[in-house]
Amino acid sequence: MKKQLLFILPLTALLFSCSNLIDGVVKEIDIPAHNPQIAASLFVDSKDSGFAATISETQGIYDTANTGLLDSAVLKLFRDGTLLYSWDKMSPFGTYDYDFGQQIGAIDGEIVFEISHPNHETVSATQRFPEAPDFDIELNYGAANYYGQPSDEIILTLKDNPSVNQHYLIEMSLHYRTSLGGPDTSKYWQLEPETANRNVSILGNKGTLSAVSEEGIDRDIKISFATGFNSIDEDFLLEYRVSISALSNDLYAFYKSYEALDQAGNNPFAEPVILFSNMSNSIGSFGLSTTTRKWK
Amino acid sequence: MKNLLLALFCVSGTLSFAQTKTISGYVSDSKTGEALIGVNLWSPELKLGTATNVYGFYSFTLPEGKHVLRLTYLGYANQDFEVNLSQNISSNFEMIASENMLNEVDVVASEGSRIQEQVQMSKIEVPIKQLKSLPAIFGEVDIMKTLQLLPGVQSGGEGTSGLYVRGGSPDQNLILLDGVPLYNVNHLFGFFSVFNADAISNVSLTKGGFPARYGGRLSSVLEINMKEGNLREFHGDATASIIASKLTLEGPLIKDKASFMVSGRRTYLDLLAKPFLANINSQDPDFSTSPTYYFYDMNAKVNYKVGKNDRLYLSHFQGKDDFGVKSEESSIQNTNKIDFGLDWQNSITAARWNHQWSPKLFSNAIATRSLYNFNTRIINESSYQPNFPDTTGQQSENFAALYRSGIEDYGGRLDFDYAHSPLHYVRFGAGYTNHTFSPGATNLEFVSSGFNLDTLIGGADVYSNELFAYAEDEWTVNDKFKINGGLHFTTLFVEGTTYASLQPRFGMNYSLPGNIAFKASYADMMQFVNLLTNEGIGLPTDLWVPSTANIKPQKSRQYAAGLAKNLKQLELSIEGYYKEMDNLVSFKEGANFLFSLDDESWEDKVTQGSGESYGLEFFAQKKAGKTNGWIGYTLSWNFRQFDEINGGEKFFYTYDRRHDFSAVLSHDFTENVAFSGAWVYGTGRAITLPEFSFITALPNGLGWFQGQQAFVDRPSDKNAYRMSAYHRLDLSLSFHKKLSNYDRWWIFSTYNTYNHLNPFFLDASTDDQGNPVLREYGLFPIIPSIAYRIKF
């Protein structure tokens, strides 16, 4: 009998385990409770003539209610402790807008963005406008090669601001004019030049020049590229417009972080991404940029 | 420093000897002739001792004159003998194993083998006999699973073979099989390790206090030696279990001069499944599927005593896992074939030459090759007949994605042991390794009507050259105080960049009243290889990558201190440690490696940061006797900090485990019936969960406009949550019978005996009513197994 038991018991356990292996071994666990918080975000450029802030309330992933925009918030901007602007109306588009009719410019001093709401603790973040970008554009007609064809070459030189970690967002477009100093036509192209410069960190579409960073190393950043257009062959006059925004460290961190989030998508093998925040409750962002535009 | 050393001499009353002579030779097993590693040779009178090295060689320098010496080795009878050292003597010894003795009283740990006498701390040896008596899973005793039961060593969770030593990651363990680094130790996705216990003679794990001879990894050195093979008789050992069988053969090639050992193991799940699959496939003529999985490994070793002073060894290991699923679906118009597969393989080869230059000087030269490859394939072939009125005929589309990665090393090293005097045992040596890394390349092929694509994405090979040299001295300052000090120099040449590091190593043992040893150590380490891993998946898709011009080498500093004492047959130790790590490598947020199709290199996807771990380990071990085993407990904290992860905030490492407890017991009820059990408990793994969502504004630029908004899911802070605690009981009962020509065993065992769900991963989804639920999935319920073993 003992010998029989020795075989019967393991056999029973084996059958039991086979059923578990096939059905899966699974246990439900408690869902962590979530305490809703304010998520505030505002990005301001020196060329902006108005603000568009987004204020929402966080919603637990496992909650069935929808994530919602938050009404009744009061938004304030301070400069060195002095109130600059205060606004509290949410537009039909879900943004808290403030229009002051002219470009705000790069305001000196410490800018504090503060959001209060009757149901939440007040949150805030502090930023400074970065110094305006100092850059040169060198244009060489037909000097570059673009997929076997002659192309205009642009060399951008972003000058170093010693001991400041500089980050730039670069936008370029090509506009057609009828004559020198003549009126702009409605025809233009947004340029997405490519660069192989490994000394700069590039955001956005991979390989397409959209944002660069010193990455903590004081240096002039020099970038050359073919525009894909050859001024000599065109019937119209071409005007290259370059708009470069110096980004605050936090705004650059937001761009990078959002890019990582975008890349990860729903890929289960991707590392989780925590969207950058500089707000006092670690949710949301406040960023400032200063833009300079040049034509060639 | 000079003053400090001088003071040590003065305060402690230095031992000194005028005239010395040396006795040297080899110690081997009396029955098999195999070398014995770590045998203690001890002078009770002088309270001095030495031990055989990994080749069984010893050299003991003593004052001229008569001495009584004692040989002690766990599981073997002590031997006392008298020598008259009027000149240098060469003498080989043979020891008798306890299983060949009637009186077990002789088999006790003697003074020479006491941990309280050893300078080395943070080192654990598990006797193979004890290891083989532990519960077997599917009839297989697994070395890595056993090591996971030791204090300071954690498993990565259910079904993984990786070791997480004192807060380190698995790539920080230098796993040496016969002195050759092995890069992947997993079979069956980590459920088994590649080490076949029947082919192994010795296992030791060093977690800290690394002597200068070790280098190249931050967290541990696991040394595993293959059996050399019986020099006197032919023997075999075979085991059949539910999923695999193995066979080991060993014997003399030339009696007492040359021997061989060969051992092989293969699973047969694929063979067993064939009839069932045939039955399933016969039920639907339009669909067939054929999943396959097998692994095999093979160990082989030959050794040859060329003369009195020279020995040659050749060892080889080869292992492979192959998993695949082929399916075919067909109808009148369409046919669709899918072939998905993963395979990975290890291969190492080592050729060694031992030479005794003089009674005091011994050398070992070794040439090695280590190869690890991982391949994945997805092949899809489809053909279809277009509908009328399209008369173009049969159309076809073929798609193939082949992913491969790997690492190949060629190396050599030369080590010397120099027994300078009774008080100084010096080791020095140097080595070189050439690495070729293939860090992941995807080959895409797409062929369709009128369109062909064949492209290779990423994965350019990286070559590097690594050099090291070391020197260390184990110095007996006096009968209470011993020191092991040394320097390890290492340098790497990669992509035009040179990294160099001079690493000080220090260990000491001071005997306190009550024969309690106070031990302390410091080790500075650097490593030039990194394993990129998606935490916790445990797939062999993990990628070995080198330090490069952009990726700096990992570094660590470890401080440890503790007390050790032998209490009769029990070894007791308590150790505290603190470890700092720099330049650790991790994926950036959002990055992944699996079938990455963009043009970024792997370097763009990783970031470097630091780590910190500290803890307290308690260990009580009884290695021999009818009842043996151990109890281990670790209390530890383990953190990581990366500027680009978790907002730059420090976070718990995923394998931070506050409490880790294990109890292991083996007991021989009679000569023929043996029982063993192991219970393990560990704090749940730290994990990141999706936590909440919100709406954010997007700044101008990159195609966004002012006022644009986006929904964002935000995970919890990195590793802010815990899985449920892990605990498991394994039991085993074996019945032995001695028959006329062979011995046989029936082995019954259960894994996870009380069927506890140990979480492997978490999943957030919805239940039948659409309510959100969070589920923990386990891998293994109770798994009973039976195995039959014969030894002849």
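This is a predicted model: local features need pLDDT of at least 70, side-chain atom pairs count only at pLDDT 80 or more; totals for chains, interfaces and linings use all residues.
Chain B is built from four helices and 49 strands. Its radius of gyration is 29 Å, close to the 28 Å given by the globule rule for 792 residues, so chain B is as compact as a globular protein of that length. The C-alpha trace of chain B spans about 105 × 70 × 50 Å along its principal axes. Buried residues make up 45% of the 792 residues in chain B. Among contacts in chain B with a separation of 6 or more, 66% come from residues 24 or more positions apart.

Chain B also touches chain A. The contact draws on 54 residues from chain B and 64 residues from chain A. On the side of chain B that touches chain A, two or more residues come from each of β42 (690–697), β43 (709–715), β46 (743–751), β48 (772–778) and β49 (783–791) of chain B. The most is given by β42(B), with eight residues. By residue class, the side of chain B that touches chain A comprises 28 nonpolar, 16 polar and 10 charged residues.

Strand β42(B) also pairs across the two chains. Its partner is strand β4 (residues 59–60) of chain A, joined to β42(B) by two bridges. The two strands run antiparallel. Within this pairing, Gln59(A) stands opposite Ser693(B) in β42(B).

Note on methods
Residues are numbered from 1 along each chain as its sequence is written. Chains are lettered from A and ligands numbered from 1 in the order in which they are written. The radius of gyration is taken over C-alpha atoms; the globule rule is 2.2 Å times the number of residues to the power 0.38. A residue is buried if 20 or more other C-beta atoms lie within 10 Å of its own, exposed if 12 or fewer, and partly exposed in between; C-beta atoms are placed from the backbone. Two residues are in contact if their C-beta atoms, placed from the backbone, lie within 7 Å. Ala, Val, Leu, Ile, Met, Phe, Trp, Tyr, Cys and Pro count as nonpolar, Asp, Glu, Lys and Arg as charged, and the others, Gly among them, as polar. Two strands pair if DSSP finds at least two bridges between them.
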